[in-house]
Amino acid sequence: MSSDIAGMTKVFARPGSLTDARFTYCPGCHHGIITRIIAQTLDELRITERTVGVAPVGCSVFAYLWYRCDAIQAAHGRASAVATGLKRARPDLFVFSYQGDGDFASIGTAESIHAANRGENISVIFVNNQVYGMTGGELAPTTLVNQRTSTTPDGRDPKLFGYPIRFSEMIAQLDAPAYVTRQALFDTQRIRSAAVAIRKAFEYQLAGKGYSLVEILSTCPTNWRMSPLQANRHVADVVTEVYPLGDLIDRG
Amino acid sequence: MGERVLLRGNEVIAEAAIRAGCQCYFAYPITPQAELLEHMARHMPRLGRTFVQAESEIGAISMVYGAAAAGARTMTSSSSPGISLKQEGISYLAGSNLPAVIVNIVRGGPGLGNIAPAQCDYFQATKGGGHGDYRIIVLGPSTVPEAGDLTMLAFELADKYRIPVMILADGMLGQMMEPVELPEPIDPASLPKKEWATTGAAGRKPNIILSFDLDPEALKRMNLALQAKYRQIEANEVRFEGTATEDADLVIAAHGTIARIAKTVVRMARADGIRLGLFRPITLWPFPYSALRTIADRARTVLTVEMSAGQMWEDVRLAVAERAATPFYGELGGVVPTPRGILSEVKKHVQ
Amino acid sequence: MPRGAVVIDAERCKGCGLCIAACPKKVLALSGRLNRSGYDTAHVERPEDCIGCAACAMTCPEVAIEVYREAVGVTEGRAHG
């Protein structure tokens with residue numbers, strides 16, 4: 001082993017801001033990639049010691065276990081409001097919230113929209129995998145038309161349950177937000193782009209530019225009933241048709 | 001000594017909170033506590049402190065949760081229906097051992113009710129309106145000056161025990177004006193640092209604020225720690241006031257605005273030759289069971305009077321048991337009993 | 001092309017296969033060896049073809065892969081992403 005590495009430079013390692021804990025996510029779930037990018041960005045910006053993360057309810061309820069920084073576990077849907085209270089009390093801290101479909105776009109709709117509308121100087125990571133993972137694969141506001149979930153066993157019927165909600169587009173209508181973007185992680189190029197986006201969002205907070213939202217199209221192999229590779233292809237081929245990638249606003 | 005001003009209850013609570021060093025205030029408008037919100041909106045920014053009108057009462061209590069976690073003295077205020085919305089957040093605060101002050105200016109209920117004063121949120125406040133085994137300290141002022149004093153105390157107790165503290169007032173107290181001597185302001189910067197708060201993990205292990213453990217044994221331990229805290233509070237923080245109880249045949253048990261009215265009734269009754277007393281819990285949780293039990297040993301009747309269908313009455317019966325008769329007189333819907341009305345009830349029970 | 005090498009922490013690996021698909025040089029494969037959690041694990045099958053591009057490490061959701069690369073010029077940057 002060492003003869004393979006002799007004379008070579010380590011160019012990729014676990015970020016220092018990650019704890020040693022093993023992620024509780026399913027095999028192939030993109031939550032781990034996002035978590036790694038966040039930790040790496042905290043390292044690059046050297047802000048871990050003044051960072052407080054706000055963990056949601058959902059698959060990422062354990063987010064407070066992954067980072068070597070202070071954290072708060074918030075009530076379901078309320079992370080954007082908790083982050084608001086935290087940042088208003090201590091504007092010198094770096095505050096990010098990390099939320100899934102239910103937390104950010106269903107039960108947390110009011111908190112999500114109004115933190116953005118007030119232009120709270122926080123960074124919000126919205127993980128969109130079009131389903132509720134932790135509770136058993138139910139319908140999310142972001143679920144695609146005809147997508148089967150445990151509460152839409154015959155596929156989402158828009159006449160009964162409406163259409164996939166493009167939350168970033170809604171937030172982009174507001175005057176206050178500094179940066180709203182939608183990213184994905186299905187190949188190396190997308191992963192790099194997502195990392196650039198997260199870095200920009202974090203830099204904007206540090207520069208006091210206001211609210212940033214990074215929506216990340218992610219996979220849920222378990223509840224999509226796909227392999228991780230199939231799930232990646234599904235995002236690339238199908239999901240991006242409904243949720244276009246790219247920066248929606250950049251006022252930085 | 002502090003300055004003396006004429007203020008309404010809502011304003012006194014707001015001003016007392018500011019003087020107690022409240023750094024962050026988050027709330028949503030609801031009658032009858034609008035003046036509290038407005039006072040904070042005017043004054044907090046001038047002092048460089050945080051005021052946010054939240055998107056809802058749920059948003060407000062969530063912001064309180066975040067500010068409390070960051071170690072700030074923080075408060076929200078609302079009235080009955082809004083307090084119902086806050087219950088999950090209060091449970092989270094309690095479960096996470098976070099200090100916060102919550103003001104309920106109680107109005108008629110249930111449902112939308114009305115905007116008249118009531119005392120029908122006693123159960124919600126003292127028996128835990130949210131889920132799980134938890135308690136919050138509940139303070140019941142009966143005059144405008146006391147509302148200010150108890151607000152200062154609320155912040156102290158919240159920090160001392162890392163617990164939410166509720167000021168349980170009502171629409172009448174919120175609106176009435178009385179001369180008040182305002183306390184000397186506390187500079188928030190002079191308050192001791194909270195080592196457990198999420199202030200950035202420089203030079204220490206990360207602080208995590210949560211109320212969660214999948215392992216039942218671990219959650220049991222968390223709960224036992226909470227219970228131990230509550231036993232401490234019960235042992236040390238009970239507050240009550242007795243008026244003319246030493247020789248009383250009949251004692252009125254009342255809190256808040258009704259207790260204030262009952263003081264007049266005591267004077268009227270004594271003038272009529274009735275040995276009437278008044279027992280006024282100030283801490284509704286922890287409830288002064290022991291003190292009331294002692295009074296019930298001497299009196300023949302403890303008459304509970306509330307603006308409700310009988311909520312504190314249950315705690316009175318728990319304390320008194322068979323020691324004395326425990327009748328009840330209540331008014332509902334925001335109807336405020338008059339001194340004469342209460343006195344005629346008293347006379348029904350005097351032989 | 002620079003030579004590279006990767007080290008996979010088999011105990012973290014959940015056998016999701018994303019690294020295998022991401023590798024442009026087909027260096028990685030499932031080993032058939034189960035770790036303590038019962039997952040099949042990825043391993044380096046053709047180390048001689050590794051160019052140290054770190055595509056595998058970037059996509060690994062368990063952050064189980066470390067990547068090494070032979071220095072070519074004066075400055076050698078981190079793999080960004």
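Q: How many residues of domain 1 of chain B are in contact with residues of domain 2 of chain B, and what makes them count?
A: Two residues are in contact if their C-beta atoms, placed from the backbone, lie within 7 Å. By that test, 28 residues of domain 1 of chain B touch 22 residues of domain 2 of chain B. This is a predicted model, in which local features need pLDDT of at least 70 and side-chain atom pairs count only at pLDDT 80 or more, while totals for chains, interfaces and linings use all residues. Residues are numbered from 1 along each chain as its sequence is written, and chains are lettered from A and ligands numbered from 1 in the order in which they are written.

Q: Which elements give two or more residues to the side of domain 1 of chain B that touches domain 2 of chain B?
A: Helices (H or I, at least four residues) and strands (E, at least two) are DSSP runs, numbered from the N terminus. In chain B, the elements that reach two or more residues on this side are α6 (122–126), β6 (137–139), β7 (164–170), α8 (171–175) and α9 (216–236). The most comes from α6(B), with four residues.

Q: What classes make up the side of domain 1 of chain B that touches domain 2 of chain B?
A: Ala, Val, Leu, Ile, Met, Phe, Trp, Tyr, Cys and Pro count as nonpolar, Asp, Glu, Lys and Arg as charged, and the others, Gly among them, as polar. Sorted this way, the side has 17 nonpolar, seven polar and four charged residues.

Q: Why is chain B called as compact as a globular protein of that length?
A: Chain B has 13 helices and 15 strands. Its radius of gyration is 20 Å, close to the 20 Å that the globule rule gives for 351 residues, so chain B is as compact as a globular protein of that length. The radius is taken over C-alpha atoms, and the rule is 2.2 Å times the number of residues to the power 0.38. The C-alpha trace of chain B spans about 70 × 50 × 40 Å along its principal axes.

Q: What does the globule rule say of chain A, with 252 residues?
A: A compact globule of 252 residues would have a radius of gyration near 18 Å, and chain A has 18 Å, which agrees. Chain A has ten helices and eight strands. Along its principal axes, the C-alpha trace of chain A spans about 60 × 50 × 30 Å.

Q: What makes a residue of chain A count as buried, and what share of the 252 residues does?
A: A residue is buried if 20 or more other C-beta atoms lie within 10 Å of its own, exposed if 12 or fewer, and partly exposed in between, with C-beta atoms placed from the backbone. In chain A, 58% of the 252 residues are buried. In chain B, buried residues make up 55% of the 351.

Q: Why are β2 and β3 of chain B called paired, and which way do they run?
A: Two strands pair if DSSP finds at least two bridges between them. Strand β2 (residues 24–27) of chain B is joined to β3(B) by four bridges, so the two strands pair.

Q: Why is the unit of β2(B), helix α2 and β3(B) given its hand?
A: A crossover is right-handed if, with the strands pointing away from the viewer, the path from the first strand over the helix to the second runs clockwise. β2(B), α2 (residues 34–46) of chain B and β3(B) make a right-handed β-α-β unit. Strand β3 (residues 50–53) of chain B has Thr50(B) and Val52(B) on its covered face, and Phe51(B) and Gln53(B) on the uncovered one.

Q: What joins β1(A) to strand β4 of chain C?
A: Four bridges join β1(A) to β4 (residues 65–70) of chain C, and the strands run antiparallel. The bridge partner of Thr9(A) in β4(C) is Arg69(C).

Q: How many residues of chain A are in contact with chain B?
A: 27 residues of chain A contact 33 residues of chain B. α3(A) gives the most to this side of chain A, with eight residues.
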